[in-house]
Amino acid sequence: MIRMLTAFTEEIDDLEVSVADILDQIEPDKNLLANSVGIVHCRHDFLESGAVNAIKESLPFDLVGVSTINTGAPGVMGEFVLTLTVLTSDDVQFVAGVSSQIADDMEGPVQELCERLISGPGIKPGMLMPFVPFMLNFGGDEFVAKLDSLSGGLPAFGSLAISNEPDYSGAYTIYNDGYWSDAMVLLALVGNVKPEFLSVSTLDANVLKQKAIITAAAKNVLQEINNIPAVKYLESLGLAHDGNIAGIESMPFVIDNEDGSRLIRSCIEATEEGYVICAGAIPINSVFGVATMGIDDVVASTEALVCEAVERAGGRGILMYSCVARNWTLGTKIMAEQEKVAECVGESSPYHFTYSGGEIFPVTMKDGSHANLLQNDSLIICIL
């Protein structure tokens, strides 16, 4: 059994206050069981000020996590908030670590990390929580695929780092008193772990009927659809004009693969070549579609999924990651999704809700098998 505790602070600069806020809410001497770990989410300001480091020094367990643009827990939500979720248990062990810094080789550091954490004798994790850097030269999909191959397909639930800067320069992974723009953090849950997973992305009713085939792509760059440049194809649908894509933040791409899996991809920007840069890998020969997403779609889908999660949880802890693109869709109503979460959960369960640069989640395939995928424009939930 895993018990979840939550705490928060809105103090960035006064480190004594930051630490006192957390300790007063967690009460470690009173509430911790035999094994514990902390999951921390915050703007990069809390890292750069030393607040996360000070909080770590006050706690007798590891911290893992990623930076975010907005986070929430019972009693708080907002941009300038640090949330700490503590998982504590007598029959689950929490094994955490960080890879070496990644430059031109991603596979070596990830392999060494996995060998160190999950490859020892008698170590059989029930699930993994990867926290992945937002890197331009390696997509989140590549980290997920490598983790899958090394772990034998253990269910993975986690997030990519994100920040508000246009170049994502404030996006960091977090491990204990360190933070990195180029290292992966991993948490393995070993023992009596029985997670339940839920997700929602684009509703079928919102997917345009016009479908096509992706005929050329390179990693996360969508090059050609039906053998014409991607932007030209979007122009033929009236979704782009003079090389500019209209409503880019509320127009997720829907990609259906031959194996039955569905990928949702946020569109980042068009290139001079008429290609489209997406927030995840684009498989060639998959079926391409476009969906619409508005404020009402985000809030309604969140309400339905969170209400289902609360019913299933029965008081157990609930972890939630929502794509930053869903937040962008909200426009000036940036707290609407979190407000709906707080309304649905009430006091029934401890929870954390955090915006993500990419959602890592185990999905069920047509043949009944499971695969870990990187999604965009999605809300993912894990009940522990």
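Lys 340 counts as buried, at 14% relative accessibility. Keep in mind that this is a predicted model. Lys 340 has a charged partner: its side chain meets that of Glu 343 in a salt bridge, 3.4 Å from N to O. Both residues sit in helix α10, which runs over residues 336–345. They are three residues apart, about one turn of the helix. Now look at the other end of the pair. Glu 343 is exposed, with a relative accessible area of 55%.

Across the whole structure, the search finds 14 salt bridges.

Two more of them, quickly. Arg 43 pairs with Asp 45, and the closest N and O atoms are 2.7 Å apart. Is Arg 43 buried or exposed? Buried, because its relative accessibility is 11% and the cut-off for buried is under 20%. Asp 45 is partly exposed, at 22%.

Then Asp 256 and Arg 262. Their salt bridge also has its closest N and O atoms 2.7 Å apart. Here the arginine, Arg 262, is partly exposed, with a relative accessible area of 27%.

Thr 329 is in helix α9, residues 324–329. What does its side chain reach? The backbone oxygen of Ala 325, at 2.9 Å. Thr 329 is buried, with a relative accessible area of 10%.

Notes. Residues numbered from 1 in each chain as written. Predicted model: local features only at pLDDT ≥ 70, side-chain atom pairs only at ≥ 80, totals over all residues. Heavy atoms only, no water. Helix = DSSP H or I, 4+ residues; strand = E, 2+ residues; numbered from the N terminus. Buried < 20%, exposed > 50% of the residue type's maximum accessible area, 1.4 Å probe, protein only. Polar contact = N/O pair within 3.5 Å; in protein donor to acceptor, adjacent residues only side chain to side chain. Salt bridge = Lys/Arg side-chain N within 4 Å of Asp/Glu carboxyl O.
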